[in-house]
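Please examine the sequence and the model shown below.

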Amino acid sequence: MILCDVANHYQEQVCRTITSCALARGYNIAYFSSFTCYGIDTKNGRGEANIINLVPYERFDGFIICHDTFANEEAVKQMFGYIKERTNVPVVTLRRPWQDYPCVLAESSGSIQEIVQHFVDVHGFDRIAFMSGPMDHPDAKIRLAQYKEGLESRGISYEEKLVFYGDFWRKRSKEAARYFALELPERPQAVVCANDYMAISLCNELIHLGTLVPEEIAISGFDDIWETSVNMPPITTVTMKVETMAKMAIDTLEKMMRKQEVPSVQTVKTESVIRNSCGCTGMDFRSIVKRRVRQNKENENIQELVNSNMHMIVEMSEVQCAEELVQHVRILENRDNHVQNLFICLGEGRGTAFPKYCSTEPGYPGRFKAVGNVISRRITETESYDASDLLPREATEREPMVYYFFPLHNLDRTFGYVAINYKGVHSCEKTFHSWIAILGNALENLRLRNESRMLLEELNNLYIHDALTGLRNRRGFEYGSQELYERSQKDGKTMVIISIDMDNLKIVNDQFGHAQGDVALREIAAGLEYAAREGDVCARVGGDEFLVVGIDYDEEQAQQFLERFKSHLDRFNEDSGLPYLVIASYGYYIVPEDHAISLAAAIVKSDRCLYDTKRDKKARGLDMVLRENFD
């Protein structure tokens, strides 16, 4: 099932009904969802819409699509394109049709008209305004047309100035209240709202302005969300039998999976719910009190979740690695949240520290690792898995599985997703979108921290290493050699210092170019690394000068080092085919166990030994580097 904003009233009812049916009939259900509360034409909106790229469309036996809950029309078109290209399983749409797929609709053709007619027939109103949704929204257009038809059926002329375009949410209600109550030349007797969120907010804003509801302006809504029954006054509205629609959708899908014929369109009739905001009926205070108590408890729970999320933000700032996230997501602390299993699934990619994958491009990587796992409310380790499997192998159960999948991102930078399973028939809490956002922010902080650490390591590497050979430079040698000197002194062990100087680098540079000189220097470095033992420090300390230090060497071991080094150069010279040979002179000094000599003095002794060797080779003509001279 693919839908958006699962914590909203309508979607929550749909999910609960689908889950109940699935568990009873033995089906696995996967809900793929996102949130649009931070906008759609933004980086965050693109990160949320990426959920459609997570769905392994080929792996499912059927789909129920609530595409009217998505504000991002481009994502909806892309989603249906994927379904058409990648699978041919049954698809049912809910509350809005799409092409030739079977759909279940709310038959609302007479609902808004009936509310308008009620205001005219029962209350005698002839000046009735309308608070619409966004001008281009399909549902807003339909309900505005029904409002016009209601007026026409009672012989009342339509006036454009009595229509205020809202947002299907609460943001424009203050502006609407001022418009209806203060700015119009003649105040309307009633306002018909295109949904309940706007109706409740408009009612409260009018009262805040000092306008009585319903005595001075009557109000009605649409959808019959929970809050309408506990508002003061309770809101007259239109109810859709959401549970009936959802059950009809899964019944239809089940028939299609069995190759049975189904109607292309099925409808569930809406009904008017008359309450006090239109001026009808006396208030049932006992019923309102009961509902208020329930609402207060729900609000208290939401406040606790908000506080928990605030603590989570603080705790996440101390997280040092992605594997620690699950210890701070504050899921297990709340025993009333019904969460059974939770997986924080991050993409596999380059590097050693998660998040290893992050991308601003649409899509997800091929493999995932769940770094934060709660199975049966216990933190558990799991293995990596293919993206099309959606869950690690350890999550598999014999009983029907119901999971919600949400994109895990920061703005448009995707890291992975969250998979969550509830015990029984439950759905996401009202603050879940904030919880997900906090987790995404924590991963972004970790990513930036990892990048900073890598940059620092790279800068440090450049600071102490030679760019040409990769060996340590003079500064790196000073740090490393001093550390080894102090360690060997503490442990009472000998330390060798080996001085190496490439023979006649100037001849190679002059006759064959500096690029070939660089080749020779790199080969000297490769020979030193080949000869060195683990823990030895090798460095290029000048143009053609190299130094090596190592702990626990005696004369025999120092000679073995030099033999390994020489054998490496001999093999290179034999196979290189270059017109020159790479040869070097060397000398060494072994610092005794009592360290009666300083490190600086020991290096001087090693260099003297090198120079003695170099002079001797030169005198004997053994420092020739041109192959023709050598031959």
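Arg 178 touches Glu 183 and Leu 209, residues up to four places away in sequence being left out of the count; contact here means heavy atoms within 4.5 Å. Arg 178 belongs to helix H6, which covers residues 173-183. Helices (H or I, at least four residues) and strands (E, at least two) are DSSP runs, numbered from the N terminus. The C-alpha atoms of Arg 178 and Leu 206 are 7.7 Å apart in space, although the two residues are 28 residues apart in sequence. With a relative accessibility of 41%, Arg 178 counts as partly exposed. The terms are defined as follows: buried means under 20% relative accessible area, exposed means over 50%, and partly exposed lies in between (1.4 Å probe, protein chains only).

The model is predicted: local features need pLDDT of at least 70 and side-chain atom pairs count only at pLDDT 80 or more, while totals for chains, interfaces and linings use all residues. Residues are numbered from 1 along each chain as its sequence is written, and side-chain values use heavy atoms, with hydrogens and water left out.

Is Thr 19 buried or exposed? Thr 19 has a relative accessible area of 1% and is therefore buried. Thr 19 is placed in helix H1 (residues 9-25). Not counting residues up to four places away in sequence, Thr 19 touches Tyr 31, Val 402, Tyr 404, Gly 424 and Val 425.

The next topic is the salt bridge, defined as a side-chain nitrogen of Lys or Arg within 4 Å of a carboxyl oxygen of Asp or Glu. By this rule the model has 33 salt bridges. One of them joins Arg 86 and Glu 58, whose closest N and O atoms are 2.9 Å apart. Arg 86 lies in helix H3 (residues 73-86) and Glu 58 in the loop between helix H2 (43-49) and strand S2 (63-65), so this pair ties together parts that are 28 residues apart in sequence. Arg 86 is partly exposed at 31% relative accessibility, and Glu 58 is partly exposed with a relative accessible area of 45%.

Another salt bridge is formed by Asp 121 and Arg 154, with 2.8 Å between the closest N and O atoms. Because Asp 121 lies in helix H4 (residues 111-121) and Arg 154 in the loop between helix H5 (138-153) and strand S6 (163-165), the pair ties together parts that are 33 residues apart in sequence. Asp 121 is partly exposed, with a relative accessible area of 48%, and Arg 154 is partly exposed at 33% relative accessibility.

Salt bridges can also be joined to one another. Arg 25, Lys 247, Asp 251, Glu 254 and Arg 258 are linked in a network of salt bridges. Within this network, Arg 258 and Glu 254 form a salt bridge whose closest N and O atoms are 3.3 Å apart. Arg 258 counts as exposed at 54% relative accessibility, whereas Glu 254 counts as buried at 13%.

The backbone also deserves attention. Lys 259 is not a glycine, yet its phi is positive, at about 65°. Lys 259 is placed in the loop between helix H8 (242-257) and strand S10 (265-269), and at 77% relative accessibility it counts as exposed. Asp 552 likewise has a positive phi, near 65°, and sits in the loop between strand S20 (545-551) and helix H14 (555-576). Asp 552 is partly exposed, with a relative accessible area of 41%.

Which peptide bonds are cis? The bond from Val 213 to Pro 214 is cis, with omega near 10°, and Pro 214 is found in the loop between helix H7 (196-208) and strand S8 (218-220). Leu 505, Val 508, Asn 509 and Phe 512 in H12 meet His 514, Gln 516, Gly 517 and Leu 521 in H13.
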